[in-house]
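Hi everyone, thanks for making time for this. Let's take a friendly walk through a structure that may be new to you, so please have a look at the screen.

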Amino acid sequence: MTHTVDHASRFRDASLRLALRGMTGLFGVGALIGIGPLASGTEPMAFFAPLFVFVCSALAWWRYRAGDRRQARWILTVVSVLYVGSLAFAPKLIVLAVGFPLAFLLLLLLHLIHRSAMAKKVGWVTVGTVAFGCVRLLATADWATEWPLATGTVAQVGTVALANGVLGRLARGWEEALAKLEDAKQRLAMNYEVAVDASQAKSRFLASMSHELRTPLNAILGYAELMEDDVADGILPEADDLGRIQKAGRHLLMLVNQVLDLSRVEAGHVDLVLEPIDLAELAAEVVDHVRPQARAKHTELRLDLDDSVGEVRLDALRIRQVLTNLVANAVKFTDAGTVTVSLVEGIDDVQLLVRDTGLGIAAAQLGKIFEPFQQADETVQRTHGGTGLGLAISRRLVTEMGGELSVCSEEGVGSTFTISFPKHRRVQQAS
Ligand code: ADP
């Protein structure tokens, strides 16, 4: 709620500054004009009345500059009410010509510079001073000849009172609306902070959990390996169960590593080290790395590299991780087919494509595969293993490096995964 006061009071403060400047200037000029009637001795009040308001407004301005807004506001209010009240003693014509417009202006000023409740109260004092002037007018009026003036006067007092009521309501409504708006803004900001905190806490939790899980897992796998040696040496008889322990352990370790990776990316804790990378060289290395798996599946691995692409500024470790994931997937989902890794230069980007002639992905699943823990269908886990995290991590990493990872695929025909980086990430070659 403190913000509410800030907003509304800032508006009141701006109005006060404007009123102070306006009144000092206006009544200063008024006093100068009044020097004429003063000198001729016809109307000394024409000089002294505006001079009084000018001096008081200047005083209020000085208090405002000294930082005391409250005093400034009240000096301005009292002097304005007094000025309107003093019109009660002016000649009839002046009261009618100046009194009511001034009363309206004063009401407006009051509602702008005070809180709505206070402005309404001071407004009633103003209505009172105007009413007093009218009573005086009516008391001295010649009813036989001046009845239009008399009835007009009464009507105008009513109008001033009505104006005070309407302005009061408007100001209150405005204050309330502002309060609600500020309240909603604060709640929104709070909710946002809570959501961000919760998400970061989740990622921190995942990161530390994964870390904690890895230590015992590595121990299990280590001991399983030792036992494997014992089986080989004939010390332990059964190899099958051991194989199962190792398989499950490796799968779990992979899962934990990927969860750790994903949570790091999501928490924004991936520190990229950007350096010039020769993508053609990288692609050849990655393909070599997965060659044994491809051979086992009778799948041919092809390279189609445009060497002129040169170097691109990327994180070596992360781009290798992404490309390895894509090529390994392509091999995993392709039996006795072809996997081609190409490097091409587009109009405004550089593209690494991994194309396969494998299973392909159904259109309905295409949108889901980049979500964490999503696999094209339930049979994939049984038949091909995996965690459903690789592509989620890959897409986030590519985005972090300023690129895009996309896919197009047709079921039964094959898939093409494309990593593209804008050309401006290329390292300019010295010519
Ligand atoms: P994982 O391979 O560990 O299951 P990914 O996130 O790498 O997890 O892949 C998610 C899913 O996308 C896979 O389970 C598979 O259904 C589908 N997919 C990925 N690459 C291919 C591909 N080259 N051909 C067919 N399906 C694929």
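This is a predicted model: local features need pLDDT of at least 70, side-chain atom pairs count only at pLDDT 80 or more; totals for chains, interfaces and linings use all residues.

Residues are numbered from 1 along each chain as its sequence is written, and side-chain values use heavy atoms, with hydrogens and water left out.

Let's begin with the whole protein. It has 12 helices and seven strands. The radius of gyration is 42 Å, well over the 22 Å that the globule rule gives for 431 residues, so the protein is more spread out than a compact globule. That radius is taken over C-alpha atoms, and the rule is 2.2 Å times the number of residues to the power 0.38. Along its principal axes, the C-alpha trace spans about 130 × 60 × 40 Å.

How much of the protein is buried? Of the 431 residues, 39% count as buried. Here buried means under 20% relative accessible area, exposed means over 50%, and partly exposed is in between, with a 1.4 Å probe and protein chains only.

Now find helix H1, residues 2-40, where Ile 33 sits. Ile 33 is exposed, at 62% relative accessible area.

Areas come from the Shrake-Rupley method with a 1.4 Å probe, and for residues only the protein chains shown count as cover. Patch residues have over 30% relative accessible area and no salt bridge; like charges are joined within 9 Å, and nonpolar side chains (Val, Leu, Ile, Met, Phe, Trp, Tyr) within 5 Å. Which helix gives the most to the nonpolar patch? That is helix H4, residues 92-113, with three residues.

There is a negative patch too, made of Glu 225, Glu 228, Asp 229 and Asp 233. Asp and Glu count as negative and Lys and Arg as positive, while His and the chain ends are not counted. A charge is placed at NZ of Lys, CZ of Arg, CG of Asp or CD of Glu. Glu 225 belongs to helix H6, residues 143-232, and is partly exposed at 45%.

On to salt bridges, of which the structure holds 11. The term means a side-chain nitrogen of Lys or Arg within 4 Å of a carboxyl oxygen of Asp or Glu. In one of them, Asp 13 meets Arg 69, with the closest N and O atoms 2.9 Å apart. This pair links distant parts of the chain, since Asp 13 is in helix H1 and Arg 69 in helix H3 (residues 69-86), 56 residues apart. Asp 13 is buried at 12%, whereas Arg 69 is partly exposed at 36%.

Back in helix H6, Arg 187 and Asp 183 lie four residues apart, about one turn of the helix, and their side chains form a salt bridge at 3.6 Å, N to O.

Notes:
Helices (H or I, at least four residues) and strands (E, at least two) are DSSP runs, numbered from the N terminus.
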